[in-house]
Amino acid sequence: MSAPAPLAAPRGTGPALCAEAISKGFTSGKLRTQVLDGLSLSIDTGELTLISGPSGCGKSTLLAILSGLQPVDSGCVTALGCDLGTLDDQALERFRLLHTGFVFQGFNLFPALDALEQVELPLHYLGLSRRQARERATQSLDEVGMTPRMHLRPGELSGGEKQRVAIARALAKHPDLLFADEPTSALDAANGQVIIDILHRIARGHGTTVLCVSHDPRLVHHADRVLSMEDGRILSDRRPAPPALLSRGATA
Amino acid sequence: MVALARKTLIFEWRRFLPAVVAVGFAGLLQLLQAALVLGIFSSAGLYITGSDADLWVGFPGTQSVSLGRPIDPDLEMRLRMDPAVAAVEPFDWVDADWRGARDTGGQSVYVIGLDPRPGGLLLSRVLSPALRARLAEPDAVIVDRADTDKLGVGVGDVAVINGQRVRVVGVGHGLRALGGVNIVASLDTARRLETDPASFGRPTFLLAALSDPSQAGQVATRLRNDHAFGPYDVWTASAFSRRSIMYWMLDTGAGAGVVFLAGIVFLAGAVITSQTLMAAVAGSVREYATLNALGVGMRNLRRVVLEQAFWVGAVGLLGATLFGLLLLAFARSQDVPVVLNLPVTLLCVAVAMALAAISGLAAMRGLRRADPASLLR
Ligand SMILES: Nc1ncnc2c1ncn2[C@@H]1O[C@H](COP(=O)(O)OP(=O)(O)O)[C@@H](O)[C@H]1O
Ligand SMILES: [Mg+2]
């Protein structure tokens, strides 16, 4: 796989994420559902990869597994060269703290905290000083265009603004991997577009590997690579290059 | 550091209010229950804790003041001869039958004979010197103000005890006891009311005050080993009081009932506290799960929840304390026996705080078991 443009600066060598023959099933009552069945994939560093597919096909499960939130039944997941299967709960937490950011459909912001505090909160656990945390948080909020509203609580923000705060929270950690699960599904078209642009810019500007799960077709044109999923398998793997190039040119 | 626990508590106080109220009520219930139990049981030791005697001398094996038996009157001289003893006072206990001025039927009462002169030891902390002095009058008695209705008398009324006329010269406060009505009289009056020939001229107890009360233990041991005066035993006031309370707790079945009730109160408190606090904490479970996804460890999240539980407990207990003090004052004004001491209060507070902490952690267990992927959608 060749990097399509010189602007995408990959960190290190090899894929950022690699799954080999992973399987995952759930048992509820007597019913056993096999969600993922021997799936393999490899995600390149610094790319914005989109996984699309119908609801219930296992996208969220795949994302949770690749990000170290959920264990596999069988198979092997390597993230940033680290075999996640060999890590215990605490080591996984540490790995996520150092390397991953998350953005969810439901924002999941603390109602009591203003935007700045939401972003600062995880940074303290990263061991940053008060000043460093404040600095990084304001910087991230600036990057998503939330500086003017950084002292407002979630209750005073629109859905799109909340999602931008959630992105800033993930971004402020300077993660190598950013996972986004249906980040635009709760938003209207215009706000969805803003979020898509921000995710795109993060992949380009920071060289962050962005893995986005969505059935939102608007995202397709911004992705470096689109994986279509159905019934726990990857059906197609394409690179819709031209629009991504255009968009990249605009931000660069 | 972002003060997540406190900011959430303040901003979403409505969500935590049920938990605060629950902890408060659980604490209040425990506190009032403890106060009642202490009140009831300490009234079992009333004669001892309400008196200034350092030593009690009575029949060997006596379990409680109300179970005393007559002892050798010559013991009084034996006690007075001991250099450590400063004062000795006989205590006559008469089981009697009461008929009041209004027709309330016969009542069985305890007549307590004491020395009404200034410096008397028995019930010196319960009855004022002026009130005691009135007992010097022949056939004078004092009743508790909470018993006047039951006895059908008021101050100045005449009643009949064991067939003899007595006159109520005053009402006391805090004379109520377990298992019967206390009537206080002078030793002379009490002796006149005595009908049991075995008790004629024989005191039920002898009370002694020591010149150095801290020596009570040694003096009791010394006085105990003298067999010239028939059967008797000597206890320090604290040992005898403990003996009386333990008798009521363990041998009457009352203790088992109280422990059972305390268990129920604790259980009810535990259930409402844990349910409400778990509900309040669970309201943030998605946000906690997100932090956990971002790598904030369970230990740190647990600390946030514990801090919230602490504040919920503290605020709830503060309210409970204020409300409880009001209730206790009201209970006292109604002559309900309630007693609260610091160790028991602290114990109740500690139990309620522990309940809050455990409930908070139980809510976190819910987060740990939950599949993060199912929370994060
Ligand atoms: N914790 C779970 N327990 C039982 N079934 C689950 C669980 N998580 C996911 N599933 C099932 O796995 C399938 C895929 O779920 P998911 O990965 O959320 O799909 P998608 O994100 O593509 O909509 C669904 O049928 C869902 O019901
Ligand atoms: Mg999903």
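In the predicted model, strand β7 of chain A, which covers residues 177-181, runs parallel to strand β8 of chain A, residues 209-213, and five bridges join the two. Within this pairing, A:Ala180 has A:Cys212 of β8(A) as its bridge partner. Both strands belong to an open sheet of six strands in chain A, whose order is β6-β7-β8-β3-β9-β10 and whose pairing is mixed. Strands β6 (100-104) and β10 (233-238) of chain A stand at the edges and have a single partner strand each, so that one side of each is left without a neighbour in the sheet. From one strand to the next, the twist averages 15°. As background to this arrangement, the strands of a sheet pair through backbone hydrogen bonds, and the pairing may be parallel or antiparallel.

Helices lie across several of these strands. Helix α2 of chain A, made of residues 89-99, lies across β6 and β7 of chain A and runs at about 85° to β6(A). Helix α6 of chain A, made of residues 189-206, lies across β3 (48-52), β7 and β8 of chain A, and its direction makes an angle of about 155° with β8(A).

When residues up to four places away in sequence are not counted, A:Leu235 touches A:Ser228, A:Met229 and A:Glu230. A:Leu235 and A:Gly53 are separated by 182 residues in sequence, while their C-alpha atoms are 9.4 Å apart in space.

Another residue of interest, A:Asp237, forms a salt bridge with A:Arg225, in which the closest N and O atoms are 2.9 Å apart. This pair links distant parts of the chain, since A:Asp237 lies in strand β10 of chain A and A:Arg225 in strand β9 (residues 225-230) of chain A, twelve residues apart. With a relative accessible area of 46%, A:Asp237 is partly exposed, whereas A:Arg225 is buried, with a relative accessible area of 3%.

Over all chains, the structure holds 20 salt bridges. One of them is formed by the side chains of A:Asp44 and A:Arg239, with an N to O distance of 4.0 Å. A:Asp44 counts as buried at 18% relative accessibility, while A:Arg239 is partly exposed with a relative accessible area of 30%.

In chain B, the side chains of B:Glu307 and B:Arg6 meet in a salt bridge with an N to O distance of 3.1 Å. The two residues link distant parts of the chain, B:Glu307 lying in helix α12 (residues 298-333) of chain B and B:Arg6 in helix α1 (residues 4-11) of chain B, 301 residues apart. Both partners are partly exposed, B:Glu307 at 29% relative accessibility and B:Arg6 with a relative accessible area of 40%. In chain A, by comparison, salt bridges that share partners join A:Asp44, A:Glu47 and A:Arg239 into one network.

The two chains also meet each other. The size of an interface is often given as the accessible area that is lost when the parts come together. Between chain A and chain B the buried area is about 2,700 Å², and carbon and sulfur atoms give 65% of this area. The contact takes 33 residues from chain A and 27 residues from chain B. Seven residue pairs are counted in polar contact between chain A and chain B, both residues having a pLDDT of 80 or more. Across the interface of chain A and chain B one salt bridge is found, and the side chains of B:Lys7 and A:Glu117 meet in a salt bridge with an N to O distance of 2.1 Å. On the side of chain A that touches chain B, the elements that give two or more residues are α1 (59-66), α2, β6, α3 (115-125) and α5 (159-171) of chain A. Of the elements on this side, α3(A) gives the most, with six residues.

Key:
Residues numbered from 1 in each chain as written. Chains lettered and ligands numbered in written order. Predicted model: local features only at pLDDT ≥ 70, side-chain atom pairs only at ≥ 80, totals over all residues. Heavy atoms only, no water. Pairing = 2+ DSSP bridges. Helix = DSSP H or I, 4+ residues; strand = E, 2+ residues; numbered from the N terminus. Axes fitted to C-alpha atoms, helices over the stretch in contact; angles between N-to-C directions. Contact = heavy atoms within 4.5 Å. Buried < 20%, exposed > 50% of the residue type's maximum accessible area, 1.4 Å probe, protein only. Buried area = accessible area lost by both parts, 1.4 Å probe. Polar contact = N/O pair within 3.5 Å; in protein donor to acceptor, adjacent residues only side chain to side chain.
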